[in-house]
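Me: I'm new to this one. Can you walk me through it, piece by piece?

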Amino acid sequence: MTGQALLWGALYALPLLVRSDFLLTIFIFTFIYGILAVTFDLIFGFTGQLSMFHPAVFGVSAYMTHLLAVHAGLPFWAATLPSAAAAVVLAVVVGSICFKFRLKTFYFAVVTLAFSEMIRLVVMNWNSVTNGTLGLVVAGKPTIYWPGSGVVPIKGPIAWYYLTLVCLSVTVLICSRCLRSWMGRCFGAIRLNEDLARTLGINVFRYKLLSFAIGNALASFAGGLYGYYTGYIDPGYLGINQSMEVLAMVLLGGQGTLTGPIVGSLVLTGLPHAIDLRAELRAVLYGAILIFTILVMPRGIVGTLNAWRSRRVS
């Protein structure tokens, strides 16, 4: 707990010590992808369901937040709420179908991937709304209330750094609260042995659906932030590459932990920028890291460090 407090303190103090816009930009992407990875791990690492539906929610929320801001005149934060509600509706529909038919592991992954691809194709071909493969330019900025200055737009690396860091902190806090409650114990029981959990009286369908809905609702905020930060949205947001990137982040950092996905996000976001890789080589790098982690370090970075520290203590 002390180590985690120091880590969060160091992250909040970093812009006071580092003035590099390049480094701050890497951390901004790390925090946005961290939100996506932590919420994915709530479904995968803590509940044991390998979902490939996260990119669909990520992309749809990015589009929906922008379209609501442009056509309905909603400010960014107000537009994220209907986007989160839409993410919950999608998650409930897809999750109900998958869990009703008791799809597990490989079959669950394939069916959620199929739903994600269906949504991507709809987005890509709905030219009148999404502008098809050309995508949309996002010109607006999120705003916050600042004492003494009133409502101010988020501009510049430092403002975006703190905005995304606060959003990541809130996401981790919500997930932590869920996992420490009765819900978290039910998620863990389902992950360890679904049939045994059912015989103990746990409503497996309900808690799987709950985990799926919470994870996707929180992931929707990452989509809105990403679209507004990059200033551009296209159907690639909903592609299978996003699924592989998030999965690689969780496996590398350590599944079943809240810190692991953030560490994995930092490594896989920072490394390609540090060595300037093109998109094709970046996909190869993700694949290589995924294979290496599964074969050599199945617990990921954080899990391996925790196991090593436990052996030293004992």
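**Salt bridges and beyond**

Reply: Start with Glu194: this residue counts as buried, at 10% relative accessibility. Buried means under 20% relative accessible area, exposed over 50%, and partly exposed in between, with a 1.4 Å probe and protein chains only. The model is predicted, so local features need pLDDT of at least 70, side-chain atom pairs count only at pLDDT 80 or more, and totals for chains, interfaces and linings use all residues. Residues are numbered from 1 along each chain as its sequence is written, and side-chain values use heavy atoms, with hydrogens and water left out.

Me: Which residue forms a salt bridge with Glu194 at 2.9 Å?

Reply: Lys208 does, and 2.9 Å is the gap between the closest N and O atoms. A salt bridge here is a side-chain nitrogen of Lys or Arg within 4 Å of a carboxyl oxygen of Asp or Glu. This pair links distant parts of the chain: Glu194 is in helix H9, Lys208 is in helix H10 (residues 204–230), and they are 14 residues apart. Helices (H or I, at least four residues) and strands (E, at least two) are DSSP runs, numbered from the N terminus.

Me: Lys208: buried or exposed?

Reply: Buried, with a relative accessible area of 3%.

Me: What else meets Glu194 in a salt bridge?

Reply: Arg198, at 3.4 Å from N to O. Both sit in helix H9 (residues 194–199), 4 residues apart, about one turn of the helix. Arg198 counts as partly exposed, at 28% relative accessibility.

Me: Why does that spacing work?

Reply: An α-helix has 3.6 residues a turn, so residues three or four places apart point the same way.

Me: Which residues are linked in the network?

Reply: Glu194, Asp195, Arg198 and Lys208 are linked by salt bridges.

Me: How many salt bridges turn up in the whole structure?

Reply: The search finds 4. One of them joins Glu117 and Arg120, with the closest N and O atoms 3.0 Å apart. That pair lies in helix H5 (residues 105–125), 3 residues apart, about one turn of the helix. Glu117 is partly exposed, with a relative accessible area of 24%.

Me: New topic. At what angle do H11 and H14 pack?

Reply: About 10 degrees, with their axes 3 Å apart. H11 covers residues 240–253 and H14 covers residues 300–313. Axes are lines fitted to C-alpha atoms, for helices over the stretch in contact, and angles run from 0 to 180 degrees between N-to-C directions. The two helices are therefore roughly parallel to each other. Angles under 35 degrees count as roughly parallel, over 145 as roughly antiparallel, 65 to 115 as roughly perpendicular, and the rest as oblique.

Me: Which residues meet there?

Reply: From H11, Leu251, Leu252 and Gly253; from H14, Gly300, Ile301, Val302 and Gly303. By class, this contact has 4 nonpolar, 3 polar and no charged residues. Ala, Val, Leu, Ile, Met, Phe, Trp, Tyr, Cys and Pro count as nonpolar, Asp, Glu, Lys and Arg as charged, and the others, Gly among them, as polar.

Me: What about strands? Where does Gly148 lie?

Reply: Gly148 lies in the loop between strand E2 (143–146) and strand E3 (150–153). Gly148 is exposed, with a relative accessible area of 85%. In this hairpin, with 3 residues between the strands, Gly148 takes a positive phi near 95 degrees.

Me: How many bridges join E2 to E3?

Reply: There are 4, and the strands run antiparallel. Two strands pair if DSSP finds at least two bridges between them. Trp146 stands opposite Gly150 in E3.

Me: Back to helices. Which residues of H8 are buried?

Reply: In H8 (residues 182–192), they are Met183, Gly184, Cys186, Phe187, Gly188 and Ile190. They pack against helix H2 (21–44), helix H7 (156–180), H9 and H10.

Me: Last one. Thr80: buried or exposed?

Reply: Buried, at 4% relative accessibility. Thr80 is in helix H4 (residues 76–100). Thr80 touches Thr65 and Phe221, not counting residues up to four places away in sequence.

Key. Contact = heavy atoms within 4.5 Å.
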